Amino acid sequence: MTPSAVKSVLVTGGAGYIGSHTVKALALAGYDVCVYDNLLAGHREAVERIARAVPDRRVTLIEGDILDRAWVLSALRESRAEAVFHFAALLSVGESVSDPAKYYGTNVIGGLTVLSAMAEAGVSRFVFSSTAATFGEPLVTAIDESHPQQPVNPYGETKLVIERALRNFDSAFGLRHVVFRYFNAAGADPDGLLGEDHTPEIHLIPRAILAVLTGEPLQIFGDDYATSDGTCIRDFVHVTDLAAAHVAGLRHLEAGQPSASYNLGMGAGVSVRDVVSAVERVTGRPVPHSVEPRRAGDPSRLVATSARARAELAWTPRYGDLDTIVSTALAWHRAHPQGYGSPE
Ligand code: UFG
């Protein structure tokens, strides 16, 4: 494919956590951004804050659902998008186990709806939010892009269906794509503009921080895994570093490079108990906690190797140190006790 510069992009789920940090990075990199979000989990306030912080770029919001094909098509046309970033999805591993239909509906049918609207609108560049959960139980210590993909939960299955569909859309319509498989996104915008605001909050780092701030104990899901301290091991990567990878992914497509997939993590295995210690170190206070049974669908260990992203995209994470991740998240939660609903 020949190189061609992109001016405008559409970001589904751009009012959400990783989406909003990416919208900010895209606007700062000089792109006009139209966010397409149904605001069920996303926050209008996040998009408004970015629009105010980057006034020389057009940052707009179209409220809509990815299952509404006609509305997606109209958003693509109205925004004159030349590339789509697709973040809109359901993301709870545990909920996907108990309610798979919901996950196949939103993540698979919703994803295919966006792709089919893109084919009709003639938009041929796509950046997809995938996940380490597509790998399942790892067969090696550090997971690279050639690792077999055998998800152990419906969440991972639904993301894998779209990854596979992308190859078919590439053959059929020349849809050039970059797939990013995030390991554990965490942290908050170092400028304090954006942060993590999920209801309910299910992720480990915010829950450990909230345990300190509210006194509500953290539940540790399982301490009988075959790991160093018995708790699960994850690879935490700062959300601002993920956002930077997305800008690099778009540049890869603008340069006419072929479709590619990248694992994004720091390559460091951190246990649940390591996270508790980091939060105690950064806050200077104990994390009240209890040990509970394992959570369904949790692989024991997920650690990336991101050598390909570093080599091909020149991706250089800047905030990956665990204490930096925790301190940016802590600053956000302290300043926003009610998330985006907090008074400024
Ligand atoms: N955990 C707890 N207590 C909690 C929350 C989490 O012990 O209150 C544990 C989990 O059991 C797991 C680890 O902390 O072992 C991390 O859990 P998270 O919910 O923070 O993250 P997951 O690893 O389950 O999932 C995240 C993303 C997924 C993604 C996955 C890939 O939410 O979208 O990382 O690693 F697929």
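This is a predicted model: local features need pLDDT of at least 70, side-chain atom pairs count only at pLDDT 80 or more; totals for chains, interfaces and linings use all residues.
**Stop 1: the ligand**

The shell holds 21 residues, and Thr-131, Gln-219, Arg-234, Arg-295 and Asp-298 are the closest of them. Colour the shell by class: 13 of its residues are nonpolar, four are polar and four are charged.

Next, look at the polar atoms facing the ligand. Select Asp-298 and show its side chain; one of its polar atoms is 2.6 Å from a ligand oxygen. Then turn to the backbone. At Leu-204, a backbone N or O atom sits 2.8 Å from an oxygen atom of the ligand. At Phe-221, a polar backbone atom is 2.9 Å from a ligand oxygen. How much of the ligand's accessible area does the protein cover?

Now display the secondary structure. Which elements give two or more residues to the shell around the ligand? They are α7, spanning 204–214, and β8, spanning 218–221. Select β8 in particular: with four residues, β8 makes the biggest contribution to the shell.

**Stop 2: the cavity**

Across the whole structure, the search turns up one cavity of 30 Å³ or more. The volume of this largest cavity is about 40 Å³.

To find the cavity, select its lining: Ser-8, Val-9, Asp-32, Val-33, Cys-34, Arg-58, Thr-60 and Ser-79. Two or more lining residues come from each of β1 (8–12) and β2 (32–37). Which strand gives the most to the lining? That is β2, with three residues. Colour the lining by class and three residues show as nonpolar, three as polar and two as charged.

**Stop 3: Ala-296**

Finally, select Ala-296. This residue is in the loop that runs between β13 (289–292) and α10 (307–313). Is Ala-296 buried, partly exposed or exposed? Its relative accessibility is 46%, so Ala-296 counts as partly exposed; the partly exposed class runs between the buried limit of 20% and the exposed limit of 50%.

Definitions and conventions: Residues are numbered from 1 along each chain as its sequence is written. Side-chain values use heavy atoms; hydrogens and water are left out. A residue is near a molecule or strand if one of its heavy atoms lies within 4 Å of it. A polar contact is a pair of N or O atoms within 3.5 Å; within protein, one must be able to donate a hydrogen and the other to accept it, and residues adjacent in sequence count only if both atoms are side-chain atoms. Ala, Val, Leu, Ile, Met, Phe, Trp, Tyr, Cys and Pro count as nonpolar, Asp, Glu, Lys and Arg as charged, and the others, Gly among them, as polar. On a 1 Å grid over the protein atoms alone, a cavity is a set of points where a 1.4 Å probe fits but cannot get out, and a pocket is an open set with protein on both sides within 12 Å along at least five of seven lines; lining residues have an atom within 4 Å of a point. Grid points are joined across faces, edges and corners, and a volume is the space filled by probe spheres set on the points. Buried means under 20% relative accessible area, exposed over 50%, partly exposed in between (1.4 Å probe, protein chains only).
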